[in-house]
Amino acid sequence: MRLMKVKIYQLPVEHERCFRGFNPGLKFPLGEYKLVWEGELDAKAIEDVYVILNCNPPEGYKARSLSVSDIVSATVDGRERLYFCDSVGWVRIEGAYPSSS
C-alpha cells in the first residue's frame, strides 16, 4: 500500500469561477480557495483520488464531491504537486499555493 497525502481545496459555490474549467488566460484566485479536507489515501495517481473521494469517501469526509475548479494537492515521497480538476482530466498547476485556512 502506498499512501498519498492529499489536501482538497474548493471555492465557495457562489464564487464566479466555481465549477468552471481551466482558462490559462485568467488569473487564478488561489487565495480564495479554502482547504476543505486533508488526509492520506491509498492512491497511485491523481485519478485514483477522484474516484475514491467521489465513490467511496473516507470516514469523516464532509466536503462536496470533487468537481471542476477544485484543486488537489498530492504529496508523494515528499514532493507536493497541485492539480486543477478540469472539465476533462487534470491540469498541473505550477507556482503559488492556496492558503490553508
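## Strand pairing

Two strands pair if DSSP finds at least two bridges between them. In this predicted model, strand β4 pairs with strand β5, residues 90-93, over 4 bridges. The sense is antiparallel. Within this pairing, Tyr83 has Arg92 of β5 as its bridge partner.

Strand β4 also has bridges to strand β3. β3 covers residues 71-76, and β4 covers residues 79-85. These two strands run antiparallel and are joined by 6 bridges. Here Ile71 stands opposite Phe84 of β4.

## The two hairpins

β3 and β4 make a hairpin with 2 residues between the strands. Asp77 in this hairpin takes a positive phi near 55°.

What separates β4 from β5 in their hairpin? There are 4 residues between these strands. Gly89 sits in the turn, and its phi is positive, about 85°.

## A salt bridge

How many salt bridges are counted? The count comes to 1. The side chains of Asp70 and Arg64 form a salt bridge, with an N to O distance of 3.5 Å. That pair qualifies because the rule asks for a side-chain nitrogen of Lys or Arg within 4 Å of a carboxyl oxygen of Asp or Glu. In general, side chains of opposite charge can pair when their charged atoms come close.

Are the two partners buried or exposed? Asp70 has a relative accessible area of 0%, so Asp70 is buried. Arg64 has a relative accessible area of 25%, so Arg64 is partly exposed. The cut-off for buried is under 20%, and exposed means over 50%.

Technical notes:
Residues numbered from 1 in each chain as written. Predicted model: local features only at pLDDT ≥ 70, side-chain atom pairs only at ≥ 80, totals over all residues. Heavy atoms only, no water. Buried < 20%, exposed > 50% of the residue type's maximum accessible area, 1.4 Å probe, protein only.
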